[in-house]
Amino acid sequence: MVQPVPHKPVLVVEDDEDARAAIAEILEAEGYEVAVAANGREALDELQHLPPPSLILLDLRMPVMDGPEFLRHLRADWPKLKAVPVLLLSGVGTEALPDTGGLLKKPIVPDELVATVGRLSGRIP
């Protein structure tokens, strides 16, 4: 197991409670510090209290504030987080949005999740 980077959480933004818990459990088992939010609005609130994350996993379709709206706010209001990679999560056949680290299709495959998060967070070259 690769040693985690201290104080650089992965932020998981996912409205489905079971999916959010499963992703967090997989990443925590790999040594990541994980913060979670149920929608984009919660994620923006969470970012006010977190150190800058190493990566944001972002569901595209959520109530309250969806993924694209969250990204607009993140890029406009949080310039210090512009370099933080964003990995999109979606159950629908869509392309990754510009200025993101890519797209993982749901249902999430644990090995693919771990490898992609490791690469985007800088833990795995």
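**Briefing: a parallel sheet and its helices**

Threonine 116 lies in helix H4, where helices (H or I, at least four residues) and strands (E, at least two) are DSSP runs, numbered from the N terminus. This is a predicted model, in which local features need pLDDT of at least 70 and side-chain atom pairs count only at pLDDT 80 or more, while totals for chains, interfaces and linings use all residues. Residues are numbered from 1 along each chain as its sequence is written, and side-chain values use heavy atoms, with hydrogens and water left out.

- Threonine 116 is buried, with a relative accessible area of 12%, where buried means under 20%, exposed over 50% and partly exposed in between (1.4 Å probe, protein chains only).
- Leaving aside residues up to four places away in sequence, threonine 116 touches Leu87 and Leu104, contact being heavy atoms within 4.5 Å.
- Glutamate 28, which has its place in helix H1, is partly exposed, with a relative accessible area of 45%.
- Although glutamate 28 and valine 10 are 18 residues apart in sequence, they are 9.7 Å apart in space, C-alpha to C-alpha.

**The sheet**

- The open sheet is formed by 5 strands in the order S2-S1-S3-S4-S5, and the pairing is parallel; two strands pair if DSSP finds at least two bridges between them.
- Strand S2 (34-37) and strand S5 (102-105) are the edge strands, each of which pairs on one side only.
- From one strand to the next, the twist averages 20 degrees; axes are lines fitted to C-alpha atoms, for helices over the stretch in contact, and angles run from 0 to 180 degrees between N-to-C directions.
- Strand S1 (residues 10-13) and strand S3 (residues 55-59) run parallel and are joined by 4 bridges, and valine 13 stands opposite leucine 58 in S3.

**Helices on the sheet**

- H1 packs on the sheet, where it touches S1, S2, S3 and strand S4 (86-90), and its direction makes about 170 degrees with that of S2.
- Helix H3 (residues 67-77) lies across S3 and S4, running at about 145 degrees to S3.

**Helix H1 against helix H4**

- The axes of helix H1 (residues 17-29) and helix H4 (residues 110-121) come within 10 Å and cross at roughly 60 degrees.
- That makes H1 oblique to H4, since angles under 35 degrees count as roughly parallel, over 145 as roughly antiparallel, 65 to 115 as roughly perpendicular and the rest as oblique.
- The contact is made by Ile23, Ile26 and Leu27 of H1 together with Pro110, Leu113, Val114 and Val117 of H4.
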